[in-house]
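Open the model in your viewer and keep the selection panel at hand. The stops below are ordered so that each selection leads to the next.

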Amino acid sequence: MTKININATAVESREQRLGTIVSWYGKASELSELSQYSKGGGCGGGRGRRCTLCEATGPFSQASGCTDAMAECQAGNIRDAVLIKHAPLGCSSFQVALNTIYRYGLAMRGYKIENVTVTSTNLKEDDMVFGGIDKLRLTVEDVWDRYSPKAIFIGAACATAIIGDDIDSVAVEYSEKLGIPVIPMHCEGFRSKHWSTGFDASQHGILRSIVRKNPERKQEDLVNVISLWGSDVFTPMLKNLNLRVNYVVDMASVEDLAQTSEAAATVAFCNTLGTYLSEGLEQLYGVPQVRATQPYGIKGTDEWIRALAKLTHREELAEEYIAKEHARIEPIIDGLRKQLAGLNGFVATGSAYAHGMMCVLRELGIVLKGSQVFHHDPIYDSEDPAQDTLAFLVDNYGDIDDFMVSVRQPYQFYTTMKKIKPDFITIRHNGLAPVASRLGIPAIPLGDEHQAIGYQGVINMGYIILAVMKRQRFHQDLAKHVKSPYSEWWASQTDANILSKHPELIWEGVAGVDIPASKEGLHPIQEGTG
Amino acid sequence: MSKKIKQIAIYGKGGIGKSTTTSNITAALSEAGYNVMQFGCDPKSDSTNTLRGGTYIPTVLDTLREKTKVDAHEVIHKGFNGIHCVEAGGPAPGVGCAGRGIITAVQFFKQQNIFEELDLDVVLYDVLGDVVCGGFAVPIREGIAEHVFTVSSADFMSIYASNNLFKGISNYSKSGGALLGGVIANSINQSYSKEIVDDFVRRTNTQVLEYVPRSVTVTQSELQGKTTIEAAPDSAQADVYRSLAKKIASHTESKVPTPLEVSDLRAWASGWGQHLLELERQSGALETLVKV
């Protein structure tokens, strides 16, 4: 298991801790097998901590996201804290989207609707040359004067990380001066190839500086739920076990974060989001994490409820709840299965959440031939096989033939859509839904990611699919009237990963460019899963 | 309870004998029974060469470049008497950012908790010259090295580099950074060299830890790819390094230095220049007198 080391201010990247990859293709069962290091998986060589997976590479990347933005979407969404981005102004461009999501989230959970409080040190050429620390000090003081926050996060960016601006010292200085946690986050974009390291950077800061170190009381009915902005579905669920919910990190207060060390257990709506904080709370503060799959689909929810009940000594209540819910939902789900029969779906979301979503869809009898997940963590920080969400999917719901790991990459998504021809897709992240629409495929944009959770989640998804299918005709009409942005050459391709296998083919697609005699500079790539 | 690991940074102008001095201190500490790591923070990556028979080791940054997942053990190489040798490495001259390289390498080590795992007593960072950017200051920031020593000769440019370092230390001292242990005076063979360094440390509120004479034994040892401690253990020079290592091992109290302003430093250097000219004239006059 990863040793959570809060002596260091900078978190270890996902690829270093977990061997995370962002590009792969093959069957889900193959990836699951390779990811189980303990059973001798891994194809990139090494053993134990050094074990790695192979990764597909290509001649270019069309799109991605930034570590810094993911740190911002957590640290910048704490209700009574302020995030200072120690960066040039452009690094704050994500704020526009983030503010919308935050306001929706606040509304869904019944909080007062307000804007995010994220500021920037607005660094310029001079600051890059002479250092931006004085500007940072000024900004910390301004933030304190204007907002009197309960905590201040300082996020590094590429520019400040390269010049080595010492945000750690400023954080120490102002923690003492202001008497509140001032937290440095080393979340610069180049730190990791996948944005999820940004989650870990903010959670690392929370573990170091906000979580109460020596809690005087234990709240035996409190469960930390690591989530994003989804509606409150956990409270009614956990009420059946006489448990209360402590939502972290988004939209939490600083006190909500501080009391995580007093809770009886930690769960996450998605293992990819919650892995670091769950493991940290367990290792450093003795708060156990639920060692089970996620609460998606009937079987997953059963296992998850039972594991949580075991940790909190509520086994009887759990069995009552499970029996009651099974009796309630099974007839409804049977009805839904009939209405959904024959539909072909496709999941394009983040890693562990995608695995959960596929369980739900298969539970409803939806055909799943393929999927595009945005990265893959071969293991989570606990390294416990009980949390292996991909293995849970494959073992209980069967294989996915076209299982593609691809960090957005609309050009690959386009080809996959044309090959698989799903009736609908489910998606959370921006960028790909319009591609599907242009091909006549309606998208389910899961803005409220909690809709698929638990027993009711299976029913919710059934109704959502039925509703979106009623709009299929609209998308088909749309497809007739839009022009594809891709060239005929790319439109004629049938393999979304062809450029990983043969990067030199890219020259075929560039009109007017002669294919160079030498292939120098293009990445070689192994055949097969490489 | 884990013991406190003594972390020391040794700075000095390029070419002043910093790696030679550091390697000899490391070797002497190891010989005295301490479990020691030497961490080279210079893109040239040759800090630990004389601890390993003159050979280069794969650097942290080169290894991180080859693969995404690296275990710290992979970049720690055994040297003379079981010393743990690490080279941060860095880009070729004229490209990239050597300072960021030091940040990356030092953070990588800190994250893996490796010093505790190896049960080290002392870690010595051998850091290139002037504090040229934020990256080169990383070893003296909060939570890394506690004590800084600077290697300096009586040469004005070397003193200038030391004074610059003192500015960095006094800057970071306000936020929990390392403090100055003192100056290791190197290549001190003339009496006036000693006087110059003594005068500089007096004005900057620090001390000379040891006067290390220039010695051909050091050169001979280096040509064999060895430290003086290893190649000429019975030499007087080896004893100088042993004495220095002993002082470093027992050193506990470091201070905030008072660096000179550039104009004061120039005036000071010019004053010494005049004085040295005067000395030369006097000895010249004396020679003339003798000849007559």
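**Sheets of chain A**

Start in chain A with strands β7, β6 and β8, which in that order form an open sheet of three strands with parallel pairing. Helices (H or I, at least four residues) and strands (E, at least two) are DSSP runs, numbered from the N terminus, and two strands pair if DSSP finds at least two bridges between them. The model is predicted: local features need pLDDT of at least 70, side-chain atom pairs count only at pLDDT 80 or more, and totals for chains, interfaces and linings use all residues. Residues are numbered from 1 along each chain as its sequence is written, while chains are lettered from A and ligands numbered from 1 in the order in which they are written.

Select β7 (244–249) and β8 (265–268) of chain A: these are the edge strands, each with a single partner, so one side of each has no neighbour in the sheet. On average, neighbouring strands here are turned by 30° against each other, direction ignored. Axes are lines fitted to C-alpha atoms, for helices over the stretch in contact, and angles run from 0 to 180 degrees between N-to-C directions.

Next take strand β6 (residues 222–227) of chain A, which pairs with β7(A) in the parallel sense over six bridges. Show A:Val225 and, opposite to it in β7(A), A:Tyr247.

Move to the six-stranded open sheet of chain A, in the order β1-β11-β10-β9-β12-β13, where the pairing is mixed. Its edges are β1 (23–26) and β13 (443–445) of chain A; each has a single partner strand, so one side of each is left without a neighbour in the sheet.

Strand β12 (residues 424–427) of chain A runs parallel to β13(A), joined by three bridges. One residue pair to display is A:Ile427 with its bridge partner in β13(A), A:Pro445. Two residues are in contact if their C-beta atoms, placed from the backbone, lie within 7 Å.

**Nonpolar cores**

Which residues have the most contacts inside the largest nonpolar core? They are A:Ile152, A:Phe153, A:Ile154 and A:Met358, in a core of 147 residues. A nonpolar core is a set of buried Ala, Val, Leu, Ile, Met, Phe, Trp, Tyr and Cys residues joined through C-beta atoms within 7 Å; a residue is buried if 20 or more other C-beta atoms, placed from the backbone, lie within 10 Å of its own. The helix α15(A) gives the most to this core, with eight residues.

Centre on A:Ile154, whose contacts include A:Ile84, A:His86, A:Leu136 and A:Met185, not counting residues up to four places away in sequence. A second, separate core has 70 residues, among them B:Phe108, B:Ala154, B:Ala178 and B:Ala245.

Colour chain B by domain: the assignment, automatic or from a database, gives domain 1 (6–260) and domain 2 (262–292). The centres of these two domains of chain B, taken over C-alpha atoms, are 33 Å apart.

Finish where the chains meet: 22 residues of chain B are in contact with 21 residues of chain A. Select helix α3 (residues 98–111) of chain B, which gives the most to the side of chain B that touches chain A, with six residues.

Key: Buried ≥ 20, exposed ≤ 12 C-beta atoms within 10 Å, placed from the backbone.
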